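Subject: The structure, and what turned up in it

Hi there,

Here is the structure I promised to hand over. Please open it alongside this email, and my notes will follow just below.

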Amino acid sequence: QVELVESGGGLVQPGGSLRLTCSASVPILSFDDIIWFRQAPGKERELVATITRHGNTDHAESVKGRFTISRDNAKNTVYLQMNNLKPEDTAVYYCKADDFTRYLEVWGQGTLVTVSS
């Protein structure tokens with residue numbers, strides 16, 4: 001069984017920083033891509049950032065220049081560095097891993113980020 005576990009969330013003031021971690025139970029290069037999503041109460045789930053097996057990255061316009069997705073293959077871990085946080089970034093953040101060949105997607109349990117004074 002493949003599992004993903006998110007960590008690193010918490011309460012931070014506007015303008016502050018957090019680094020989220022997505023830890024996988026298998027090598028992350030097993031997946032075609034790993035994606036960070038977020039969802040605030042009563043709102044649609046939003047794609048935040050993507051990293052592919054080949055290391056290509058993409059970030060949503062709302063976070064571009066503030067958030068950076070990266071990985072440590074040896075540690076089976078993907079990170080989301082979040083800088084200059086804003087109240088509208090408040091959400092539960094999830095990571096998802098995709099294996100297109102096996103029609104498989106795996107979700108983590110989520111970690112809560114609260115940006116507030």
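The notes below cover a sheet, a disulfide and a cavity.

First, some ground rules. This is a predicted model, in which local features need pLDDT of at least 70 and side-chain atom pairs count only at pLDDT 80 or more, while totals for chains, interfaces and linings use all residues. Residues are numbered from 1 along each chain as its sequence is written, and side-chain values use heavy atoms, with hydrogens and water left out.

**The sheet**

Four strands make up an open sheet, in the order β1-β3-β8-β7, with antiparallel pairing. Strands here are DSSP runs of E with at least two residues, numbered from the N terminus, and two of them pair if DSSP finds at least two bridges between them. At the edges sit β1 (4–7) and β7 (67–72), each of which pairs on one side only. From one strand to the next the twist averages 15°; the axes behind that angle are lines fitted to C-alpha atoms, and angles run from 0 to 180 degrees between N-to-C directions.

Strand β3 (residues 18–24) is joined to β8 (residues 77–82) by six bridges, and the two run antiparallel. Within that pairing, R19 has Q81 as its bridge partner, and L18 has M82. Strand β3 also pairs with β1, again in the antiparallel sense, over four bridges; there, V5 is partnered by S23 of β3. Five of the seven residues of β3 are buried, so this strand is largely enclosed by the rest of the structure. Buried means under 20% relative accessible area, with exposed being over 50% and partly exposed in between (1.4 Å probe, protein chains only).

**The disulfide**

A search of the whole structure finds one disulfide, defined as a pair of cysteine sulfur atoms within 2.5 Å. The pair is C22 and C95, with sulfur atoms 2.1 Å apart. C22 lies in strand β3 and C95 in strand β9 (residues 91–99), so the bond ties together parts that are 73 residues apart in sequence. The torsion about the S-S bond is about 70°, so this disulfide is right-handed. C22 is buried, at a relative accessible area of 2%, and C95 is buried too, at 0%.

**The cavity**

Searching the whole structure also gives one cavity of 30 Å³ or more. A cavity is a set of points, on a 1 Å grid over the protein atoms alone, where a 1.4 Å probe fits but cannot get out; lining residues have an atom within 4 Å of a point. The largest cavity holds about 40 Å³ of space, the volume being that filled by probe spheres set on the points.

Which residues line the largest cavity? They are I28, F31, D33, I34, I51, T52, R53, R71 and V78. Strands β4 (33–39) and β5 (46–52) each supply at least two residues of this lining. I51 belongs to strand β5 and is buried, with a relative accessible area of 6%.

Happy browsing!

Note on methods
1 Å grid on protein atoms, 1.4 Å probe; cavity = no way out; pocket = protein on both sides within 12 Å on 5 of 7 lines; lining within 4 Å.
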